[in-house]
Amino acid sequence: MPIIDLSKDLVPEGCFLNQIPKAPTGHYAHLIVVRETESFPVFQTDGTLNIAKVSAGLHSDNSLIRLAMFKRKQSSPERLTGRELLHRVNITQNEDSSGDDYCDYNETFCGSCPDCVYYGFAIGDAGSEKSKVYVDTAYSITGYDESHQQFSFNALYEKGNMSQHGDVRSGFGEQDHIVPQVFFPSVITIKDVTVYSFAYVLNNVLRTKRYGAQTTRTGRLSNHIVGVVFADGEIFSNLKFTQAIHDGLGDDKNEIPLNPTKVLQTAQNTLSVLLEDDGVTYHLLNRENLKQLLGIVKAVTTDAEKLQLFLQEANTEAQEYAARVIQKASNKKQK
Ligand SMILES: [Zn+2]
């Protein structure tokens, strides 16, 4: 019996697989998230914020330049959160610490821990595993113009002061920052989902609070889960979800910053309508059901002892899969 025990009333039989299959079997879980900035993050490549010009809503003729949050800006910090926990309970560390089995992100993937198995990895010729966790570019509900601010920044001397030996350092750069209370609706998909991969990814999403430029990670972001969908296929895109919320907000969308309660309520209200269009069979958990589900998972992930047990069980699943599927495939290649 897994340590996370979800009743059949909440999650019907067949939504979770008992083990990760070798070939995809069409068992999807989708976490429906609304990401809200809580400080001044920077999502950029080449020194400028990422933007995209798209239709404002599903039912509007206007276009809108939106901020974009690319997929790695979302998934990398979440992976690192999970890996930090694995290290904390000594799951990805070899006992003799010779370093051979040590799982090092983007350097030497071990190929068999929950992070490697669920999120995937590639190590040149030595093997690879496709990610079972899918994220896509997310877009701000509000436009670029009202969602960013430019700051000039000063470089401080080492002691944190602005002057040294009588020289005053002046501002030497300008940088666009996203402002607080900007919302990025985002769907996170877990393919061939098991109760372990589901709870592992969910825990990472709930715990990760800093996103943005790799070096600083100064941007605070809060992830609101507004729904969980079990389905036999893919569902709506982040862009469509964002445009539907934009439409649903009506005149409220002109009040900047947006009211978080209204945004989350509108997001929840759009789910059933969007899902009806997706042509899949699905089971949606929102409102009370969702609260129950999150409560059960959090009861485990916020208790040190239970969390450790959970991570060990997830590791057992990952190791079993790695031995049955990943290592077999790479052995075959070598022959
Ligand atoms: Zn690993």
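## A pair of helices: α1 and α4

In this predicted model, helices α1 and α4 are roughly perpendicular to each other, because the angle between them, about 110°, falls in the range of 65 to 115 degrees that counts as such. Helix α1 covers residues 71-88 and helix α4 covers residues 195-207, and the axes of the two lie 9 Å apart where they pack.

On the side of α1, the residues in this contact are Glu78, Thr81 and Gly82, and they meet Tyr200, Asn204, Val205 and Arg207 of α4.

## A second pair: α5 and α6

Helices α5 and α6 also pack against each other, at an angle of about 115° and with their axes 9 Å apart, and the crossing in which α5 passes α6 is right-handed. From α5, the residues that take part are Lys240, Phe241, Ala244, Ile245, Gly248 and Leu249, while α6 contributes Lys262, Val263, Thr266, Ala267, Asn269, Thr270 and Leu274. Seven nonpolar residues, four polar ones and two charged ones make up the contact of α5 with α6.

The loop between α5, which spans 238-249, and α6, which spans 260-276, holds Pro257. The peptide bond that joins Ile256 to Pro257 is cis, with omega at about 0°.

## An open sheet of three strands

Strands β4, β5 and β9 form an open sheet in the order β4-β5-β9, and their pairing is antiparallel. The edges of this sheet are β4, residues 51-55, and β9, residues 138-143, each of which pairs on one side only. From one strand to the next, the twist averages 45°.

Which residues other than glycine have a positive phi, near 60° or near 50°? Asn90 has a phi near 60°, and Asp192 has a phi near 50°.

Asn90 is in the loop that connects α1 with α2, the helix of residues 114-119, and Asn90 counts as exposed because there are 12 C-beta neighbours inside 10 Å. Asp192 is in the loop between β14, residues 183-191, and α4, but Asp192 is buried, because 21 other C-beta atoms lie within 10 Å.

## The chain as a whole

The elements discussed here belong to a chain that has eight helices and 17 strands. The chain has 335 residues, of which 39% count as buried. When contacts between residues at least 6 apart in sequence are considered, 73% of them join residues at least 24 apart.

Note on methods:
Residues numbered from 1 in each chain as written. Predicted model: local features only at pLDDT ≥ 70, side-chain atom pairs only at ≥ 80, totals over all residues. Axes fitted to C-alpha atoms, helices over the stretch in contact; angles between N-to-C directions. Helix = DSSP H or I, 4+ residues; strand = E, 2+ residues; numbered from the N terminus. Parallel < 35°, antiparallel > 145°, perpendicular 65-115°, else oblique. Contact = placed C-beta atoms within 7 Å. Buried ≥ 20, exposed ≤ 12 C-beta atoms within 10 Å, placed from the backbone. Pairing = 2+ DSSP bridges. Left-handed = near helix turned anticlockwise from the far one by under 90°. Nonpolar A, V, L, I, M, F, W, Y, C, P; charged D, E, K, R; others polar.
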